[in-house]
Amino acid sequence: MDFMGMWQKRLQIVVLLGFLVSCWFAACRSGSATFTNGKKLPETVSYTYDIRPILSDKCFACHGPDENKREAGLRLDVAEEAFKALKENPSAHALVAGKPELSQLYLRISTTDSTKLMPPVESNLRLSSEEIALLEKWIKQGANYEKHWAFVPPKRPTLPKVADESRAINEIDFFVQAKLEEKGLKPNQEADRERLLKRVSLDLTGLPPTVELMDRFLADNSPKAYEKVVDELLNNPAYGERMAVHWLDVARYADSHGYQDDGYRTQWPWRDWVIHAFNKNYSYKKFVTWQLAGDLLPNAAKEQLLATGFNRNHKITEEGGVIQEEYRLSYVTDRSDLFGKALLGVTMECAHCHDHKYDPFSQKEYYQLFAFFNNVQEVGIESVIGGPETYAKKPLMEISDEDIQSVLRFVNKPDTNRLIVSVMGDLDSTRKTHVLLRGVYDAPGEEVQPGTPKAILPFSPRYPKNRLGLSQWLFDPQNPLTARVFVNQIWQEFFGRGLVKTSGDFGMQGDLPTHPALLDWLSVDFMENQWNIKRLVKQLVMSATYRQSAVVSEQQLKKDPENIYLSRSSRYHIDAEHIKDLVMASSGLLVRTIGGPSVKPYQPPGLWEGATSGRGLLSIYVQDHGSRLYRRGMYTLIKRTVPPPVMSIFDASNRDLCEVKRLKTNTPLQALVMMNDPAVLEASRVLAARLLQEKSTDKEKIVQAFRRIVCRKPTDKETEILDAFYQKQLQTMTETAAQKALSVGEYPLPEKLNSRQVAALMRVISTLYNLEETITRT
Amino acid sequence: MEKEILEHGFSFNRRRFLSTMSLGLGSVALGSLLMPDLFKNTGDDDPLSAGIPHFAPKAKRVIYLFQNGAPSQQELFDYKPKLREMVGQEIPPSVRGTQRLTGMTANQESFPLVGSFVDFKQYGQAGAWISDLLPYTSKIVDDLCIVRSMYTEAINHDPALTFLQTGSQQGNRPSMGSWLSYGLGNENKNLPNFTVLLSRGVGNGQGVYSKLWSNGFLDSVHQGVQFSKGEDPVLYLRDPEGMNRHERRDMLDQLAELNDLSYKEFGDPEIAAKVKQYEMAYRMQTAVPEVMDLSKESDAIIKLYGPDCLVPGTFAANCLLARKLSENGVRFVQLYHQGWDQHGNLPFEITKQAMDVDQASAALVTDLKQRGLLDETLVIWGGEFGRTSYTQGKLTPENYGRDHHPRCFTIWMAGGGIKPGMVYGETDELGYNIAKNPVHVHDFQATVLHQLGLNHEKLTFKHLGRRYRLTDISGKVVRDIIS
């Protein structure tokens, strides 16, 4: 069929669909309030859960907080405004409590007159019949407004009553069970021990369990067996590394400056500090306060100063010819946006150019927050790409060898070269902050003083007007967001999805919490226990909810395809860094050094060279050798403009800007990596050689490889398939093919091994690395 | 009909797809392969939101010949005899205005005008002025729409490139190719939908960045896939040494059998989807080398593109490859040719740069036309901004340079329903400001999407509370250049 012909056919489908949709609409309008999707209108319509999401998504852009874009003077996000007589027609009202037929809001969304219809046709937005019916019912019931849930400080709720308490281990399970009962779902049984161990080991350390740990756990019949393993993993230094991976995304940590020539920077000592802080279990309050304002603490120690590298991880230009002030302000913007997104879970950045369109943040408030970060002794461009003196930008700190031996022992400095790190440091005087009209650097408006958004929590006069005061405000017990946002991020890291799915947006446009009471309970509990991170993590992994099996029945899939209600454990691929960790650890190649300068393992040739201007240390990829090839994935050097390809393919952040959540995708390029990446092939070869040096039968070798890689014993059927595959490879493998196969990677091959055997077993092992289950958290 | 849709893979909408769900798991996985966003609810249940054009498209595919570094319009397309007359004279303040300058020339004491060192002639029915540096391009002007009134907001390479490609200067947003992949799905499920080819000339170069072909917040299936010269045209495509295709097939069969056991145990549809991804990877391993193989191209074609087209990694080879990829249904082929940043030594460098790209760019248009593909393929040629009418650095009779200039630059488009044989927009007689029909970057982006059948205001993705567009919050389709 020719192109246009096909188009016409497709148009017919669309027309037909349109017809079906209108029939559906008509049916809904005339019938009772049950919709074809099976949904019924709730008995009592809730502003927070039913109405505000509709208003926010479809109405607030023109009838919301943004004063400059407000149409007809009508504001619907604030009750007293919405009930006022309309400016354009004072005898009419947008909302008349109890009377939809007199409420212009209802009349305008339900009219058939397209010139009157709201939202306007040209907005490309429209309300579904269900949404219209909800609004109608809400008005009938009195059109009651509620304050946005996330801006009301959490209170500890009582545990809900549940019919079946038998499965509950800790408080989390009561909240989850209550929701499951409400939805008519039953939780899964506890996962089998091997899978549970793999899950908790990957989640707590980013590493697969060792065979030794597997055996020990399987043999331990005490009721405390699981808890013992959890404690052991929490005390493993790998815990700090695993927790750091998420924080490095938040802090947009990288090893290059990020613009154009994209020169090298030495910010890795800050990364070493993050690992250290998690392992030392610094409270979240201390962890964040030091990062925001370590330099402003009384008698700030070097460690506290190093922590402030957090706010200097952003991109810094080295492109000659830029305008100083434009870039300096962009760094301040980056910090302010990060503060909003990562620590407050709100999209402050939307108020950079205008009042926020959905949330109650004015542009002025944005620049008040901005003012806290606007006093740094920095310039837009300090130097163009060059030598070691450009690896950090002022303000910076020097880390001496003496520091390494005393106060900064955790910094893994491998040589005696000068080591500098970009950190925070304010001017002695105060730089004036202005609202920037349209967000443009050279259009200053009204001058503002440091402050915080009133809708969240006004800035108390007892706090100093600097970053230290801002941290105090952040950890004020009345701040409604700080604990919730962090607890939610941690929940996301351990369950695959936050209780608030949009972990960077708790505002009007964000998703509502699926388990609001649970989120509040955990947040209050977290605050009352001194913001203790390890305690929170342990709470999550000890719950029955966490320990469930990942088996999904057809009914569960149908009722809850996204596993919102947690009737099972979610399955998803582990983080890019941990995929490398798993490959390295299971093959025995992993080098367990913590921290230090980032490394350059195998990478396909030409990626940096093809994309560079030719300037700077990072213009040519000089691959490392020896132990530096086998470090954990998190130590791979990140050059922002050309990030490590395997990392990008497996959804890692490119560290351009703050990220609080990674996508989880499934693509053919991921398959190509697992099949053909020399790092995976080398690991297969090394493990094959290792197993062939052991005195064991073929089947035992296969079982051993399976346990190391998949982290459980194979079933008989699996062993049979793999053994048959191995025998076939042995028969067909030629000496030449074997020699070629074994040539991959730099790790030496032991002598006196039969190369055909190694190559054949290598193929079996490579197959194991490609199993879906291997890199999946199950 | 069903079969044709599958074959063309021209994506079908979510509603239609769901009606085939009853075919079972296999079809779910297949569906997600063809159009992965079917399951990604964009927030509104609009059946036209993604996966099907909003209206009848003129073009099905795009080839973007990006001239990285910003070619000087004064030496290529924008004929300004007045600049030659006024050579050495200071640019009048009334022309220069209060516009910001880059840090490279902001401290220059004087801003002497400089005319083109090269001559221009008129070509084609529209009498378009083309410089002598582009002899091949001058022969195809009747197929081109030359837009001399493009302008942008950024004055440095990184933000300007990022702005043109993603609609935002800051990065972290999906590239144009990702948006098209998201909006239209793919035609060929054995090749990546958005491919990237790099080359470099001898001129002063600026880097390119893989963030330019990032999927941003879209599914990573929409990420641009870089094809490179050498044995592994797509990263990790090649099977390991010592393994033949039968053995790979055998390994995948074992893998499928084992994964199936896992599926039986867990019932997770993602497992089946994974198996399908491996199958697609396997097909790509054959399809990509096939499409990369230029040995079957006729002598006439080799002659058309020039001898460089047989040298992998050159602009000419990439142009020929772009035609092949596009012909095979790749939605968006993005080329970058580096080396156009002539701050100094302009006459020498731009001559070399023009020689690198002139013949092959023209050949691509001619080749597509003779294959009947030009109507449905939009070809775009241009850089990220323009260059100043005054010199940067010292002006000598033989040598000068030009700084970055966001206020006007020239691009051309061909095919894909754009009016051929047209010159659109004008700059003032000193080539410094736009005199007529300005085209903002967002206007250009809106026009490209429009030609593909997409309304730039409707092609949105809701992310962190906001519906994002390629064109951010502005942009209008340039109706004047659409046939």
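**A helix and its surroundings**

Guide: Within α7(A), the buried residues are A:Ile172, A:Asp173, A:Phe174, A:Phe175, A:Val176, A:Gln177, A:Lys179 and A:Leu180, where buried means that 20 or more other C-beta atoms lie within 10 Å of the residue's own, exposed means 12 or fewer, partly exposed means in between, and the C-beta atoms are placed from the backbone. The model is predicted, so local features need a pLDDT of at least 70 and side-chain atom pairs count only at pLDDT 80 or more, while totals for chains, interfaces and linings use all residues. Residues are numbered from 1 along each chain as its sequence is written, and chains are lettered from A and ligands numbered from 1 in the order in which they are written. Helices (H or I, at least four residues) and strands (E, at least two) are DSSP runs numbered from the N terminus.

The helix α7(A) covers residues 171-183, and its 13 residues should span 18 Å at 1.5 Å a residue, which agrees with the 19 Å between its end C-alpha atoms; the expected span is 1.5 Å times one less than the number of residues. An α-helix has 3.6 residues a turn, so residues three or four places apart point the same way. The cover over the buried residues of α7(A) includes α20, α21 and α22 (544-547) of chain A, with contact meaning that the C-beta atoms of two residues, placed from the backbone, lie within 7 Å. After α7(A) comes A:Gly184, with a positive phi near 70 degrees.

The phi of A:Trp531 is near 55 degrees, a positive value in a residue other than glycine, and A:Trp531 counts as buried because it has 20 C-beta neighbours inside 10 Å. A:Asn299 also has a positive phi, near 50 degrees, and is found in the loop between α13 (284-293) and α14 (302-307) of chain A; A:Asn299, however, is exposed, with 5 other C-beta atoms within 10 Å. Most residues other than glycine have a negative phi, and most peptide bonds are trans.

Against that background, the peptide bond from A:Met118 to A:Pro119 is cis, with omega near -10 degrees, and A:Pro119 sits in the loop between α5 (104-110) and α6 (129-140) of chain A. A cis bond also joins A:Lys394 and A:Pro395, where omega is about -5 degrees, and A:Pro395 belongs to the loop between α16 (363-372) and β1 (396-398) of chain A.

Elsewhere in chain A, A:Glu80 lies in helix α4 (residues 79-82) and is exposed, with 8 other C-beta atoms within 10 Å. A:Glu80 and A:Asp359 are 279 residues apart along the chain, and their C-alpha atoms are separated by 17 Å.

Chain B itself has 14 helices and 17 strands, and 60% of its 483 residues are buried. In strand β8 (residues 377-382) of chain B, 6 of the 6 residues are buried, so the strand is largely enclosed by the rest of the structure. Strand β1 (residues 61-68) of chain B runs parallel to β8(B) and is joined to it by 6 bridges, two strands being paired if DSSP finds at least two bridges between them. Strand β11 (residues 409-414) of chain B runs antiparallel to β8(B), with 3 bridges, and the bridge partner of B:Ile380 in β11(B) is B:Met413.
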